[in-house]
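User: I would like to learn how to read side-chain and helix packing in a model. Please take me through it one feature at a time.

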Amino acid sequence: MIRTGIKAALTDLIFSSDLTVQEAADRHFTPEYRQRTDGKWDDRAGFVEHITHVRTIVAGGHVEVHDELYDGSKYADRHTVHITKKDDSTVSMEVYVFAELAPDGRFSRIEETTLMLQGSDADRNIGSAR
């Protein structure tokens, strides 16, 4: 089993134009994937819809992982997403993640809290997996 991590998942989802959103989601997230971001739950379809929108406004960026922990099927991390939008504005968000991995190593559930470091209120959800 090859375990995914948030850096690989977000890089493929948001910054890898050679992969479709669906291909990236299939690589890192189970079909029954669920996510709660700042208290709001989404299923996989809502998640994929959100990422598809994010790709339309993002020009580039990267993910910086500060802390990461695997413990069996449990995963936790603290990371910062740095994004440059197509209008040349920038967004930086620190994200705290607690997740569950499926037996095949993909994410089956993520619960995360975000902290805006740079950007506007309208950018609040751009740098999270939600």
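**Reading the contacts**

Analyst: Start with a charge and a ring: the charged end of Arg34 lies over the ring of Trp41, 4.0 Å from its centre. Keep in mind that this is a predicted model.

User: Over which ring does the charged end of Arg3 sit?

Analyst: Over that of Tyr70, at 3.8 Å from the ring centre.

User: How is a pair of aromatic rings described?

Analyst: By two values, the distance of the centres and the angle of the planes. This structure has six aromatic pairs. In one of them, the ring centres of Phe29 and Phe47 are 4.8 Å apart and the planes are at 55°, so the pair is tilted. The label follows because planes under 30 degrees apart count as stacked and those over 60 as edge-to-face, with the rest tilted.

User: Which parts of the chain does the pair of Phe29 and Phe47 tie together?

Analyst: Phe29 belongs to strand β1 (residues 29-37) and Phe47 to helix α3 (residues 44-57), so the contact joins parts 18 residues apart in sequence. Phe29 is buried, at 0% relative accessible area, and Phe47 is buried as well, at 1%.

User: What kind of pair do Tyr75 and Phe107 form?

Analyst: An edge-to-face pair, with 5.3 Å from centre to centre and 75° between the planes. Tyr75 is in strand β4 (residues 74-85) and Phe107 in strand β6 (residues 107-118), so this pair links distant parts of the chain, 32 residues apart. Tyr75 and Phe107 are both buried.

User: Which residues form the aromatic cluster?

Analyst: Phe29, Tyr33, Phe47, Tyr70, Tyr75 and Phe107 make up one cluster. Tyr70 is also the residue whose ring lies under the charged end of Arg3.

User: Now helix packing. At what angle do α1 and α2 pack?

Analyst: Helix α1 (residues 6-15) and helix α2 (residues 21-28) pack at about 165°, and their axes are 8 Å apart. An angle over 145 degrees counts as roughly antiparallel, which means that α1 is roughly antiparallel to α2. Their crossing is left-handed. On the α1 side the contact involves Ala8, Ala9, Asp12 and Leu13, which meet Val21, Ala24, Ala25, Arg27 and His28 of α2.

Terms used: Residues are numbered from 1 along each chain as its sequence is written. This is a predicted model: local features need pLDDT of at least 70, side-chain atom pairs count only at pLDDT 80 or more; totals for chains, interfaces and linings use all residues. Side-chain values use heavy atoms; hydrogens and water are left out. Rings of Phe, Tyr and Trp (its six-membered ring) pair if their centres lie within 6.5 Å; planes under 30 degrees apart count as stacked, over 60 as edge-to-face and the rest as tilted. Helices (H or I, at least four residues) and strands (E, at least two) are DSSP runs, numbered from the N terminus. Buried means under 20% relative accessible area, exposed over 50%, partly exposed in between (1.4 Å probe, protein chains only). A charge sits over a ring if NZ of Lys or CZ of Arg is within 6 Å of the ring centre and within 35 degrees of the ring normal. Axes are lines fitted to C-alpha atoms, for helices over the stretch in contact, and angles run from 0 to 180 degrees between N-to-C directions. Angles under 35 degrees count as roughly parallel, over 145 as roughly antiparallel, 65 to 115 as roughly perpendicular and the rest as oblique. A crossing is left-handed if the near helix is turned anticlockwise from the far one by less than a right angle, and right-handed if clockwise. Contact means heavy atoms within 4.5 Å.
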